[in-house]
Amino acid sequence: MKKRIEREICAESADIVARRLLGCTLVRLIDGERLAGVIVETEAYVGENDLGAHASRGRTARTEVMYGPPGYAYVYLIYGMYDCLNVVACEVGMPHAVLVRAIQPTDGMERMRSNRKGTRTGKRLRDVDIASGPGKLCAAMQIGREFYGHDLVDGDELWIEMGASVSDRDVLVGPRIGIAYAKEWAHAPLRFALRNNPYVSR
DNA sequence: TATACGATCACCT
DNA sequence: GGTGATCGTATAC
């Protein structure tokens, strides 16, 4: 069991935190079994001015957790079907968040694969397809909205561990996905991924 | 109370 | 490359 992240890691602007979380390990403990994977893709949502961010509509019941301290989980339902996991970043009162978009499974891969048996054709999923997207990752790791507000630093069933350091030349930076409506913010370089890693989405 | 739509995914052509 | 599934949230009425 590796060292967990410290809360200060998450206390910066979300773009900094999104970059830092690459290479860290997301861990889910369920029925005594450890499910884990290296974070290989993230996106930053940088507060109320960010037209691509849920917080751009201000403080509501849904966005409330993002206004609190960093290191907590913001989980939301998208398209009526999938849950997505975010790490709250920045300081209290600044609603920043980092969307975890993909992980490279390391522990409990078979259980994660079976958790994704929502597919019709029932074909065996390739390893690279198990958690290569924000909705897929939550399904694979059994992360739902019950984790809204969960502490990812000191929590019990879901937390983040430190990983090997990642050099800048191994990081791909580009525009975020699925926010074409966000005007100038749609192009902002706020998506981060490990270059040439086959476990990233799309 | 009613309605439009989304930080996605899987299947189809 | 296109589209349907499916429901909570924000916003309009």
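Predicted model: local features only at pLDDT ≥ 70, side-chain atom pairs only at ≥ 80, totals over all residues.
Residues are numbered from 1 along each chain as its sequence is written, chains are lettered from A and ligands numbered from 1 in the order in which they are written, and side-chain values use heavy atoms, with hydrogens and water left out.

**Surface near DNA strand B**

- DNA strand B is surrounded by 23 residues, the closest being His54, Tyr76, Asn86, Arg116 and Tyr181, where a residue is near if one of its heavy atoms lies within 4 Å of the strand.
- Of the atoms of DNA strand B that come within 4 Å of the protein, 53% belong to sugar and phosphate.
- Among the polar contacts (pairs of N or O atoms within 3.5 Å), a polar side-chain atom of His54 lies 2.5 Å from a phosphate oxygen of DNA strand B, and a polar side-chain atom of Arg101 lies 3.4 Å from a phosphate oxygen.

**Largest pocket**

- The largest pocket has a volume of about 860 Å³, the space filled by probe spheres set on grid points that are joined across faces, edges and corners.
- A pocket is, on a 1 Å grid over the protein atoms alone, an open set of points where a 1.4 Å probe fits, with protein on both sides within 12 Å along at least five of seven lines, and its lining residues have an atom within 4 Å of a point.
- The lining comprises 39 residues, of which Tyr76, Ile78, Tyr79, Cys84 and Pro134 are the closest to the centre.
- H3 gives the largest share of the lining, five residues.

**Aromatic pairs**

- The whole structure holds two aromatic pairs (ring centres of Phe, Tyr or Trp, the last by its six-membered ring, within 6.5 Å).
- Tyr74 and Tyr148 are edge-to-face (planes over 60 degrees apart), at 6.2 Å centre to centre and 80° between the planes.
- Tyr74 lies in strand E3 and Tyr148 in the loop between H3 and strand E6 (158-161), 74 residues apart.
- Ring pairs link Tyr74, Tyr76 and Tyr148 into a cluster.

Notes. Polar contact = N/O pair within 3.5 Å; in protein donor to acceptor, adjacent residues only side chain to side chain. Helix = DSSP H or I, 4+ residues; strand = E, 2+ residues; numbered from the N terminus. Phe/Tyr/Trp six-rings, centres within 6.5 Å; stacked < 30°, edge-to-face > 60°.
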